[in-house]
Protein chains: 2
Amino acid sequence: MARTNRIWKLRKRPVGDVSEGDLELVEEPVPALNDGEVLLRTVYLSLDPTNRIWMSDRDQYMPPVEIGDPMRGGGIAIIEESRFDGLEPGDIVNTGLGQWALYLVKPGSEVNKLPQIPGLPLTAFMGPLGMTGMTAYFGLMDIGKPQPGETVVVSAAAGAVGSMVGQIAKIQGCRAVGIAGSDEKCKWLTDVAGFDAAINYKKEDVGAALDKHCPDGIDVNFENVGGEIMDTILTRLNDFARMPLCGLISSYNATDPVPGPYNFSMLLMRHVTLKGFIVTDYIDRFPEGMQAMGQWLMEGKIKFETDVVEGLENAPAALDRLFTGKNLGKLAVKVSEPG
Amino acid sequence: MARTNRIWKLRKRPVGDVSEGDLELVEEPVPALNDGEVLLRTVYLSLDPTNRIWMSDRDQYMPPVEIGDPMRGGGIAIIEESRFDGLEPGDIVNTGLGQWALYLVKPGSEVNKLPQIPGLPLTAFMGPLGMTGMTAYFGLMDIGKPQPGETVVVSAAAGAVGSMVGQIAKIQGCRAVGIAGSDEKCKWLTDVAGFDAAINYKKEDVGAALDKHCPDGIDVNFENVGGEIMDTILTRLNDFARMPLCGLISSYNATDPVPGPYNFSMLLMRHVTLKGFIVTDYIDRFPEGMQAMGQWLMEGKIKFETDVVEGLENAPAALDRLFTGKNLGKLAVKVSEPG
């Protein structure tokens, strides 16, 4: 049975926001499997801010996607064919690093079969039990080292990572304050996710709101955004604050050099520990993170949302939702049905 | 015997560089001692970049000096009178936090008697065995965590802290590369202090020189300066580099907001750990640092220079040497004779 793949390829490097024509959806025959390989059909494609970094030739944590190559991405897939012992057609897996494509051929050793847990939607494996959940867990726990009674602030708080950070902070006995870009998101953060306070940076004076909601200063700043909001947070850090540096979304679409924080000196004055990290730094400890997050999910202590866009053809346009503040929770593209 | 003190008081906050008239040298009678107090006569006044921070009302790690108050500073003094058990006239002590003054009255419990070591000049207690030595030791060892074979870069390398950092790095089996502001300093760094290479940032292309002298990238950036030099270093950091943030001298005299590093995102992309610190964070571990530095001094593995300016009246003008790159090694003002 000859299958036809649909693959988004990078045609040129975006300047600023991703525009129509930067990527091209092409059709290609799916190659035959070699021993040890599996054929995956993508069910959900995960869209993440880091995808935008990969499209640029800026200095980054892994090589950029080359012009003409398939766009890099990951998600959840179903096994269509297998020449790898231990994976059968119908198995649902995490693709690891894959492509923005309907089909993908990979060594079976590089994909992980997902457990089937009654009542738990597949999307949980892109959220609390996926890369974004692990990012939140290890960034906060290992770098942020939250102590009971401390105040944790997180930017992009209604995103896939930020929403987990605040909820884990609450579980650790901290005060959790989120910064997000709409009243709807802020309401979700306080009413559903249990944050102590949420700040709508598009409507509020962030500094004044932080002063109000963080009366004892800020002990942990889980940084996702950078720019002005980070600057505003820096002057409110307590001595010996910790700052997991997870992302700098505000600069990913920039076309000109972006100055670092004007209040950079606060890192010195307040004895701050800042650590840049990529979730794969913690890959050896994922079982610990999965165990903790799974337990909290089962106990109802972690809520999560998924923002699903239908159809692989809509992936490039959907990515923009991350930079315009449109998504609540994990952004994903539904590519095909899980069965 | 009524003594007359001479004290530099802060008259107004400097704008940019410290100017004549920002401080005023006043004469006052020395007050009588209470029980538990000692009268100190300053021998050496230590001048450090942080003095300039204390003159400003910017957000900082301790309260600024108030207008009209004596300028804050520390150094080495001799006990003139004592009403404290354990300190006698003639004892040489470290003043701890003191003043830019000839005399100082302090609780005897807040000053430390210095050991007399044959062949070791008093100035060693402001250098390798003083605050600057402890700054270098703990910043490099505790935050930088240098491993044999790694490359350590230090800015303001011919200063009191930087010159120690490179020498400790060499003792740890690292490659040490210093950045300084004159050929004379660079020559001292390589020929006397044993650095592997030194870069004169006033004459050389720092980026190209770093590429040449750090062929395996940079594992530890001991940051004293900030600004463009820091930006140039950031893009050359290796994955999982460490960055003790000790000072940002380039911004201390600034009159306008100073942008943070344009390459701030490298902290994320390269998984960097940055930690701002003040030497007093390590006060409980000073004995360890003194032991190590003392041992290395005795073994001839640590060289140090002192740049001594004569006369308390010259203190404000001398401070400027730190910001114009005039001093080699520890800058101090000789205020009176140690006897």
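How many salt bridges are there between chain A and chain B? The count is two, and this is a predicted model, so keep that in mind for every view below.

**Figure 1. Chain A on its own.** Start with chain A by itself, which has nine helices and 16 strands. Its C-alpha atoms fill a box of roughly 65 × 45 × 35 Å along the principal axes. The radius of gyration of chain A is 20 Å, and that agrees with the value near 20 Å for a compact globule because the chain has 339 residues.

**Figure 2. A salt bridge inside chain A.** Here Asp48(A) pairs up with Lys330(A), with the closest N and O atoms 3.2 Å apart. The two come from distant parts of the chain, 282 residues apart. Asp48(A) sits in the loop between β3 (37-46) and α1 (49-55) of chain A, while Lys330(A) belongs to strand β16 (residues 330-334) of chain A. Over all chains, the salt-bridge count comes to 41.

**Figure 3. Where chain A meets chain B.** This view takes in 35 residues of chain A in contact with 35 residues of chain B. Together the two chains bury about 3000 Å², and carbon and sulfur atoms give 65% of that. Look for Phe264(A), Leu268(A) and Met269(A): they supply 24% of the area that chain A buries against chain B, more than any other three residues.

Figure 4. Zoom in on Arg270(A) and Asp59(B), whose side chains meet in a salt bridge at 2.3 Å, N to O. On the side of chain A that touches chain B, the elements giving two or more residues are β13 (237-245), α7 (266-269) and β14 (273-276) of chain A.

**Figure 5. Strand against strand.** Which strand of chain B is joined to β14(A)? It's β14 (residues 273-276) of chain B: three bridges join the two strands, which run antiparallel. Leu274(A) is a handy landmark here, with Leu274(B) as its bridge partner in β14(B).

Technical notes: Residues are numbered from 1 along each chain as its sequence is written. Chains are lettered from A and ligands numbered from 1 in the order in which they are written. This is a predicted model: local features need pLDDT of at least 70, side-chain atom pairs count only at pLDDT 80 or more; totals for chains, interfaces and linings use all residues. Side-chain values use heavy atoms; hydrogens and water are left out. Contact means heavy atoms within 4.5 Å. Buried area is the accessible area (1.4 Å probe) that two parts lose on being put together, summed over both. A salt bridge is a side-chain nitrogen of Lys or Arg within 4 Å of a carboxyl oxygen of Asp or Glu. Helices (H or I, at least four residues) and strands (E, at least two) are DSSP runs, numbered from the N terminus. Two strands pair if DSSP finds at least two bridges between them. The radius of gyration is taken over C-alpha atoms; the globule rule is 2.2 Å times the number of residues to the power 0.38.
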